[in-house]
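Subject: Handing over the structure

Hi,

Here is the structure I promised to pass on, with my notes below it. Have a look at it first, then read on.

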Amino acid sequence: MYNIVTTKGRRSLMDSIRLPLEEKPMVKTYLRQAFPLSILLAEQADYYKGIIINDHIQLIAAPHDENRLDYHNYHYSHWPNISHNRMPASILRRNQIDIVSYIYNGLREGYYSDIWLDTFYIPGKTAYQKEHYSHGLLIFGYSQESDEFLTMTYTNHLRYSRLNVHPDDIRQACNSDQFEYINLLKKIPAAGIHYDLKSILPKLQGYLNSCDFEMNDKRYHRPSPNEPQYYGVQACKWFRDYIDAIGNAGNEETRIDMRLPYCFAEHKKCMAWRIKLIADTANLKLADSNLDAALKEIEYHSELVVNLSLKYNVKEDASIKERIIQEINDALDFKGDTLLCLLDE
C-alpha cells in the first residue's frame, strides 16, 4: 500500500499513471454521457460507437426538469459495457477513508473515478471561489511531476476538456457538504454491442412520431404525470418555442440556457452520422436524394443554432432570435426528409 500524503510544494510518493481516454467523444453535452463515452471510445472507437448508433436516438423535453432538453436513454450505470461501483460520501466519511488514496488505488487497478464534489475549491471550474456547487470530474490519471490528478470536466471556458487538479484541492472539495459520491468505472470488454437495423429503425420511426418508446424504470427520465413531457420531433419543437419565448414579457429568462442548443446540435450531428452509416452499411441509395448534401445541411444549420445562441446571449437582439428559430426549422426539415427517405428504403 502506498503511503499517500501530499501537500502543495512537497514531492508526492505516488507514481505517475494514465488510463486511456478519448477527450473529444461524439456526445458530451452532459457529463453522464461524456464520461462513459470518453472511457469506451478511447480504444476500439468504431466498435463502441455502436452505443451511440443504438441508444442516442430519442430526445426528451421536460420543461420542469433541470435538464430541460436531453437524450432519453439509460443512465450509464445500466450500460452493459461499464462496470459501475458507487461509494457515497457518507460511507467514505464514516470509515475515515482518505479520498486521494481511494482514487489513486482505483487508478492502479484500472478504475476511472467519476466524482461529484464542491467545485468552489477546484481551480478552473466556473464556481471556483464563487459558490458552493456540486459538479463532476472524471479522473483518469495522475502526474507525479506536477503532483496533479488528470481529469476531464466542463471548465470555466464552458468546454468539456482537460483540467489538472492538485490532490489537496480534491480533499478540500470532498470535506464539503457538497461532496456527493464517487463512482469507480471500468470498461467491460466482454460485453457485446450488436448492430441490429431491425431494432434501430423503429426507434427512428418513434423519433419522427414523437413517441415515448421503450420506457421503463431504468430510464434516466421517468414520466411525470402532472408535468408535460415531449419526445423526438416534438421535443425539438418545444426547444424552438423555448427560444421564441426568451426575453418576452412575463418570461424571467432573458438569456438562452446554452445546454439546450448544444444538445440540439449534437443530436442532429449524431443523427446525420447515423443515417450515413446505416445507408452505407445497408448499401442503400436513398432514391431521389443527394444524401451527402442533405447531411451537410443538417450539420450546417445545427451549428448555426449554437453560434447564433451564443451571439444572442451577448447582444440580446430579437432579430438574432428569429434567425435561431429559422435555423432550427431548417435543420428539422432536412433531417425529417432524409429520415423518411431512409425509412422508405
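Before more of that, some housekeeping. This is a predicted model, where local features need pLDDT of at least 70 and side-chain atom pairs count only at pLDDT 80 or more, while totals for chains, interfaces and linings use all residues. Residues are numbered from 1 along each chain as its sequence is written, and side-chain values use heavy atoms, with hydrogens and water left out.

The overall picture

The chain has 11 helices and 10 strands (DSSP runs numbered from the N terminus: H or I of at least four residues for helices, E of at least two for strands). Its radius of gyration is 22 Å, close to the 20 Å that the globule rule gives for 345 residues, so the chain is as compact as a globular protein of that length. That radius is taken over C-alpha atoms, and the rule is 2.2 Å times the number of residues to the power 0.38. Along the principal axes, the C-alpha atoms fill a box of roughly 65 × 50 × 40 Å.

Rings

There are eight aromatic pairs in the structure. One of them, Phe35 with Tyr160, is tilted, at 6.4 Å centre to centre and 40° between the planes. Phe35 sits in helix 1 (residues 31–40) and Tyr160 in strand 8 (residues 160–165), so this pair ties together parts that are 125 residues apart in sequence. Both Phe35 and Tyr160 are buried. Phe120 and Tyr121 make an edge-to-face pair, 5.1 Å centre to centre with 80° between the planes, and Phe120 and Tyr121 are buried too.

Charges also sit over rings (NZ of Lys or CZ of Arg within 6 Å of the ring centre and within 35 degrees of the ring normal). Lys186 lies over the face of Tyr111, 4.2 Å from the ring centre, and Arg32 lies over the face of Tyr30 at 4.9 Å.

A nonpolar core is a set of buried Ala, Val, Leu, Ile, Met, Phe, Trp, Tyr and Cys residues joined through side-chain atoms within 4.5 Å. The largest one here has 102 residues, and Ile99, Ile115 and Phe239 have the most contacts inside it. Helix 9 gives the most to this core, with 10 residues.

Cys270 is in helix 9 (residues 259–281). Is Cys270 buried or exposed? At 2% relative accessibility, Cys270 counts as buried. Setting aside neighbours within four places in sequence, Cys270 is in contact with Met26, Val27 and Ile52.

Helix 8 (residues 232–245) has 14 residues and reaches 20 Å from its first C-alpha to its last, close to the 20 Å expected at 1.5 Å a residue (1.5 Å times one less than the number of residues). Its buried residues include Trp238, Phe239 and Tyr242. Not counting residues up to four places away in sequence, Phe239 touches Leu69, Leu260, Pro261, Phe264, Val305 and Ile328. Just after helix 8, Gly247 takes a positive phi of about 80°.

Cheers

Notes:
Buried means under 20% relative accessible area, exposed over 50%, partly exposed in between (1.4 Å probe, protein chains only). Contact means heavy atoms within 4.5 Å. Rings of Phe, Tyr and Trp (its six-membered ring) pair if their centres lie within 6.5 Å; planes under 30 degrees apart count as stacked, over 60 as edge-to-face and the rest as tilted.
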